[in-house]
Amino acid sequence: MTLFANACMFDNGRFVHKDVVLADGTLSFSAPCSVTASVSDTVFHNCYIFPGFCDVHVHLREPGFSYKETIATGTAAAAHGGYTAVCSMPNLSPVPDSTEHLAEQLAIIERDAVIDVYPLGALTVGQAGEEAADLEGMAKSAIAFSDDGRGVQSAEMMEQLMRRAKALGKIVVAHCEDNALLRGGYIHDGEYAKAHGHRGICSESEWGPIKRDLALAEKTGCAYHVCHVSTKESVQLIREAKARGVNVTCETGPHYLVLCDADLQEHGRFKMNPPLRGAEDREALIQGLLDGTVDMIATDHAPHSWEEKSRGLEKSAMGVVGLETAFPVLYTYLVKTGRVSLERIIDALAIAPRTRFGIPLCPDSLTVWQCDKAYAVDPETFLTKGRATPFAGHELLGTCITTIHGGNIVWKIK
C-alpha cells in the first residue's frame, strides 16, 4: 500500500485535504489523517495531488524521426512530468494525412504508449498547404486537425478546411505564421537581435494570420484553436474575438510565460518557434492567462538530437523540450511569486485542455507532487531523448512523486 497522508488534493476547482491510498491498482480517498499505515507501507507527506495533466501540443516524432524521440520515450517523459494524456502533432513521416498514414502512428501508440495519446491529423497533404488532406477519412481517429510547424498560407484553403472541419465536428488547430514576413529570421525581432546582429522574426508574422483566421472562424462557425501564442497583439485579437462570440481558444507555453528575449543566450536551447518575445509580450500572456483569454498551457515539447541543437541560435533546429519541467517552471515562477494562483495553473494544465478537446478526465488518473524542495534542472536526468531546454541549471520547486493512470503507476520516483 502507498499512502499519501493528509494530501492537498485538487477537487472540482478547489483544494481539499484527504488521505489517498493506492493499493492493488485501486485508489481510495478518506478523511485527512484517518488512515493508519503499517511499517511495510510507503508513506508520503506534504503532497499535492492534481488531476493528470493534459498537453494538447506535443511532438512525439514517431514514425519517421525516432532518433529525436519515440512514443515510448515521449510518453515516459510525459508521465514523469505529471501528464496522463497528450495530443501528438502531425509533422511525421509519413505525415498523417490519410487513414493509411494515420494508422501507422496509431499502431505504435497502441504498442508503446504508457499514457493516452490522441493524434492530430494533418490539414493538408504532406502539410504542404496546397491540397486538403482526407479529413473525413481520419475523423474517427484524429482528435483534431493541424499543419503544426507550418502555417496555412492561403486564406481560401483555410476557409475550405474550416468548413470541412466544422461539418465533422472537429477543431482546426492552427500554427499561425506568415512565411512572407519571416525574412530569414530565427529569433524575436527585438533588442537582443539588434544588439547581437541576429535576424529577427517580427510579431506580425504571428498575429497577422491569427487576425485572418479569426475572421474566417467567425464566418464559418468553425471551432478554432491557436497554437503557442507569443505576442501581445495575438492576445488582444483573441480577447476581442471571444467578446464577439467567436468559437476560439488558445494556448501558450511555460517558456513564453516566464522568459523573454532578454533571457536569450547564444545556444540552440533558446531557439524555438515562435521565438521568445519581449517583456511586454510576456506580461500580456500572463494577463491573458489570468483573464481567461489564454485558455490553457501546452509545452510544444519538440525534441531534437544534440547535434541539431548544438549549432547556436542561427543554425540550430527550432524546438525545445518541456514535458518534464512544465509544472515546476510554472509553480516556481508564477505561483510562488504570487502572479498566478495554483488553481488557475492546474485548470490550464489539466481541466481546460480536456474540456476544449473532449478528452475525458478519469478519477483514477492523478499526479502527485512535493513542492517544498528546490533542485537544479539537469537535462541528463530527463526521460525524453531531447536535452535542449532553456531552463537547464534553473533552481526549481516541484518534484513528481508518482503519476497514476487508470489505476496503474506510470511513473514513480526512485
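**Figure 1. Cys33, an exposed residue with positive phi.** Cys33 has a relative accessible area of 65% and is therefore exposed (buried means under 20% relative accessible area, exposed over 50%, and partly exposed in between, with a 1.4 Å probe and protein chains only). Its phi is near 60°, a positive value in a residue other than glycine. Cys33 is placed in the loop between β3 (26-30) and β4 (42-45); helices (H or I, at least four residues) and strands (E, at least two) are DSSP runs numbered from the N terminus. The model is predicted: local features need pLDDT of at least 70, side-chain atom pairs count only at pLDDT 80 or more, and totals for chains, interfaces and linings use all residues. Residues are numbered from 1 along each chain as its sequence is written, and side-chain values use heavy atoms, with hydrogens and water left out.

**Figure 2. His228, a buried residue with positive phi.** The loop between β13 and α7 (232-244) holds His228, whose phi is near 25° although the residue is not glycine. His228 counts as buried because its relative accessibility is 4%. Most residues other than glycine have a negative phi, and most peptide bonds are trans.

**Figure 3. Two cis peptide bonds.** Glu62 and Pro63 are joined by a cis peptide bond with omega of about 10°. Pro63 belongs to the loop between β6 (53-58) and α1. Another cis bond, with omega of about 5°, links Asn273 to Pro274, and Pro274 lies in the loop between α8 (254-258) and α9 (279-291).

**Figure 4. Helix α1 and its packing.** Helix α1 (residues 71-80) is mostly covered, with eight of its ten residues buried. Among them are Ile71, Thr73, Ala77 and His80. The buried residues pack against β7 (83-88), α2 (99-112), β8 (116-119), β17 and β18 (408-412), contact meaning heavy atoms within 4.5 Å. Just after α1, Gly82 takes a positive phi of about 95°.

**Figure 5. Helix α4 and its packing.** The 14 residues of helix α4 (residues 155-168) reach 20 Å from the first C-alpha to the last, close to the expected 20 Å at 1.5 Å a residue (the expected span is 1.5 Å times one less than the number of residues). Met157, Met158, Glu159, Leu161, Met162 and Ala165 are the buried residues of α4. They pack against α3 (135-138), β10 (172-174), α6 (204-220) and β13 (224-226).

**Figure 6. The nonpolar cores.** A nonpolar core is a set of buried Ala, Val, Leu, Ile, Met, Phe, Trp, Tyr and Cys residues joined through side-chain atoms within 4.5 Å. The largest has 92 residues, and Tyr224, Phe327 and Ile345 have the most contacts inside it. Helix α11 (residues 326-335) supplies the largest share of this core, seven residues. Not counting residues up to four places away in sequence, Ile345 touches Leu289, Ile297, Phe327, Leu330, Leu334, Val335 and Val340. A second, separate core of 18 residues includes Met89, Ile143, Ala144 and Ala223.

**Figure 7. Residues at the centre of the largest pocket.** Of the 22 residues lining the largest pocket, His59, Arg61, Asn91, Gly149 and Met318 are the closest to its centre. On a 1 Å grid over the protein atoms alone, a pocket is an open set of points where a 1.4 Å probe fits, with protein on both sides within 12 Å along at least five of seven lines; lining residues have an atom within 4 Å of a point.
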